[in-house]
Structure formats: structure tokens, C-alpha cells
Amino acid sequence: MRVLILGGTLAARHLADRLVDDGFDVITSLAGRTKNALLPAGQVHIGGFGGIAGLSEYLRVENIDALINATHPFAAQMSRHAVAASSDTGVPVLRLTRPSWAERADAREWTWVDSHQQAAEVAALLINPDQGSVLLTVGRQHSLDYQFDLADRRVVCRVALALDEIPPGWDQIVTRGPFSLTDEIEVFSRFDVCALVTKDSGGDETSAKLDAAKHRGIPVIMVRRPDSLGETTTDPDEAVTWLRRLRSTRIEA
Ligand code: NAP
């Protein structure tokens, strides 16, 4: 049985490894933005498909039997395309995503916002220019959305891939998670972090910053994730079971 995993996350890579061991014929697709990305077991497709029509065509031409959307929780466009291509072609799709941080006990203490624009406005209201730094961990694509609202604030922007240019007064940390609580406490202290602006990526790999913020007693501004579309699980075991069930139905038919 042929499975296409829409990847770009650790969970996608781990799932591909498991499925290949379990005898599935697996293709993982990556958007192709990360240089030297660690590749999963099975085949790899690099680059976009060309919208919904392109993905539908790919599913047909490659005889894909099932689609797993294991992209990042904020990969909203790819996720919409996955659901639309599934309904065009009849190829079943399952969304595998990380558990939201909204379930954490301290989530009620954070300021939840719907967009990066709102997050920037709230951060500018909460933090004065004479306070410490605002730590931004909102991803490379959105970091510069904050440059005007936080123009006269100290900002530390943490990204996996360096920004070509950063505004005056900003520091940039180029690194990739996972991060331990000890690492995070050290970063918060080194940059005198007085507020954290982040997005609800969820899961454990990058959650230590939330514990560090709590430890330091500073505000957290959290961008809500887009709604998950279609059948969704946060448990990789459930994704494997879902695929095995489909495979056994196909063998019986
Ligand atoms: P997006 O906005 O939802 O998608 C934009 C376009 O990129 C899609 O329409 C598709 O192009 C292409 N694309 C996205 N994911 C793809 C995949 N796995 N395989 C092939 N093409 C893909 O996506 P994004 O937020 O830019 O994320 C891009 C990739 O980075 C995803 O793989 C995601 O898992 C990973 N990532 C994203 C974030 C984040 O915060 N957004 C964080 C970490 C990792 P076509 O329309 O041409 O098919």
C-alpha cells in the first residue's frame, strides 16, 4: 500500500521510518525550504505540487492509497490542499498534528491572539522600551511582522534559518530545537527576556521556553493555531492503526 506523507516535521520523519519497517511503500514530501534536511526512510519528494490540482494529479499518477498530513500545525495552506485533493480523488487523508499547548495548566495565564499583527500590538502594549528583551519564536516567515510595532523595543528573534537582515536593536539566535529547560533559562537570563511571543506549535520539542517563562514570571503572548481540518489525531500510533486498517480492508476487497 502506497502512502504519501506531507512532511517537514520530526513526527513525519519518525512515522515514515515506522511505516517503512511495517512494509508500507512510503513517499514523504518536503516543501524544500530547509537545506540539509534530515531525510526519512522511503522515497522523498522535494518541492510543492502546484496547488490542489497539482496534488490531486500527483495522488493519481503515483497511485497513492492514503495521505497523511503530518505538516507543522501552522502549515495551513498545505493542510487545506490536502483535504481538497482528498475529496477530489477519494484518497483518504488523516491529519497528524502535535497536541496544542492550550491543554497546559499555565495556558490560561497567557494572552492568546489570532494573528501575528495582534501579537505585535499586545507585546508593544505590555513591554516598555526601558524593559528587557522580547523573545520572538514565531518562525522565520513571520519574525519581521513585528518590526514596526516593536521598533523601539529590544527584541531577540530565534529562528532555525537566519534572516538575511534584522532591524536595528534586534538580536538574532539561529538554532534548531529541541531545547532543554536549562538551555532556555540560560537564554532568558543572557538576553534579560521580559516577554515571550510565540505560536502554538505544541508538543514537547520546543515547550521548555514556556516553563522558562513561568519560572521567570514573565508574560507569554501566544498565537492561536489554525483549526485542524478533517479527521485528526495527535497520536502517531493512531495514524499507524488507521493505515493498517485501510491496508487490511484493501487486502480483503
Ligand atoms: P504552507 O504555507 O501551508 O504551504 C505553502 C505551500 O508550500 C503549499 O501550498 C505547497 O506548495 C508547499 N508545501 C508546504 N508543505 C509542503 C510539503 N510538506 N510538501 C510539499 N510541498 C509543501 O506551508 P508552510 O507553513 O510554509 O510550511 C512549509 C513546510 O515547512 C511544511 O512542510 C511544514 O511542515 C514545515 N514547517 C512549517 C512551520 C511553520 O511554522 N509553518 C514550522 C516548521 C516546519 P504547492 O501549493 O505548490 O503544493
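A polar contact here is a pair of N or O atoms within 3.5 Å; inside the protein, one must be able to donate a hydrogen and the other to accept it, and residues adjacent in sequence count only if both atoms are side-chain atoms. Keep in mind that this is a predicted model, where local features need pLDDT of at least 70 and side-chain atom pairs count only at pLDDT 80 or more, while totals for chains, interfaces and linings use all residues. Residues are numbered from 1 along each chain as its sequence is written, and side-chain values use heavy atoms, with hydrogens and water left out.

Let's start at the ligand. The backbone of Met 78 puts a polar atom 2.8 Å from a ligand oxygen, and a polar backbone atom of Ala 76 sits 3.3 Å from an oxygen of the ligand. From Lys 199 it's a polar side-chain atom, 2.4 Å from a ligand oxygen. With Accessible areas taken from the Shrake-Rupley method with a 1.4 Å probe (for residues, only the protein chains shown count as cover), the protein covers 79% of the 800 Å² that the ligand has on its own.
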